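Please open the model in a viewer and keep the selection tool at hand. The stops below proceed residue by residue and end with the whole chain.

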Amino acid sequence: MALREVLKFPDKRLREVSTPIEKITDEIRELANDMAEVMYDEPGIGLAAPQVGQTIRLIVVDTEWTAEDAEQNPLVLVNPEIVEHSGRISWTEGCLSVPDFEADVSRASHVKLRASNLEGEDLEIDASELQAVCFQHEIDHLDGILFIDRISRLKRNLYTQRRKKQLRRELEEQSGN
Ligand code: NI
């Protein structure tokens, strides 16, 4: 079966606020599975449900996995929330929904996250550095926020213009011009 398509900026669906999950159904388990597949295929270290067009509060994260070391251990988080944060860290971020762009983003360096897993059990995770950054980035997606919202207006505008040109070019190529 084909992988789910990742929505790309400036798709308006990425701007919606996702709704909490009240009941973990087979559809949600299947979605989490599909999201992990997409994440490893791209490859990426995190994916939020709205990136595949499902505006529910579900993220999949694996900050341990790299392309060289194929051990895959996806952390599926239902209704994740940051309940404590401290410190500051600047990290160069990218996003599967923001093609061909990376930028430094300043975020909390330590967070405490609460969520439940697919079995409905409560989880509490203390995260730092890359994992903390990743949690914050993915939870932002659930609130319709992209990492480019957290960089300077100048950098964002430059990217937005470049992206629009790229989309125009793709459209022209498709129409055979
Ligand atoms: Ni992202």
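Select Glu129, which is partly exposed with a relative accessible area of 46%; this class lies between buried (under 20% relative accessible area) and exposed (over 50%), computed with a 1.4 Å probe and protein chains only. Glu129 belongs to helix 2 (residues 129-142); helices (H or I, at least four residues) and strands (E, at least two) are DSSP runs numbered from the N terminus. Its phi is positive, about 50°, although Glu129 is not a glycine. The model is predicted: local features need pLDDT of at least 70, side-chain atom pairs count only at pLDDT 80 or more, and totals for chains, interfaces and linings use all residues. Residues are numbered from 1 along each chain as its sequence is written, and side-chain values use heavy atoms, with hydrogens and water left out.

Next, select Asp100 in strand 5 (residues 98-107). Asp100 also has a positive phi, near 55°, without being a glycine. With 53% relative accessibility, Asp100 counts as exposed. Most residues other than glycine have a negative phi, and most peptide bonds are trans.

The bond from Phe9 to Pro10 is cis, with omega near 5°, and Pro10 is placed in the segment before helix 1 (26-41). The bond from Glu42 to Pro43 is likewise cis, with omega near -10°; Pro43 sits in the loop between helix 1 and strand 1 (46-48).

Move on to Arg163, in helix 3 (residues 153-174). Which residues does Arg163 touch, not counting those up to four places away in sequence? They are Lys8, Phe9, Pro10 and Pro99, where contact means heavy atoms within 4.5 Å. Arg163 is buried yet has no salt bridge, and Glu170, the nearest side chain of opposite charge, is 4.6 Å away. A salt bridge requires a side-chain nitrogen of Lys or Arg within 4 Å of a carboxyl oxygen of Asp or Glu; for charge, Lys and Arg count as positive and Asp and Glu as negative, while His and the chain ends are not counted. The side chain of Arg163 does make a polar contact with that of Gln166 (2.8 Å). Such a contact is a pair of N or O atoms within 3.5 Å; within protein, one must be able to donate a hydrogen and the other to accept it, and residues adjacent in sequence count only if both atoms are side-chain atoms.

The whole structure holds 11 salt bridges. Select Arg15 and Asp149, one of these pairs, at 2.7 Å from N to O. Arg15 lies in the segment before helix 1 and Asp149 in the loop between helix 2 and helix 3, so the pair ties together parts 134 residues apart in sequence.

Then select Arg107 and Glu93, whose side chains form a salt bridge at 2.6 Å, N to O. This pair links strand 5, holding Arg107, to strand 4 (residues 89-95), holding Glu93, across 14 residues. Both Arg107 and Glu93 are buried.

Finally, show the whole chain, with its 3 helices and 7 strands, in the order α-β-β-β-β-β-β-β-α-α along the sequence. Buried residues make up 45% of its 177 residues. Its C-alpha atoms fill a box of roughly 55 × 40 × 35 Å along the principal axes.
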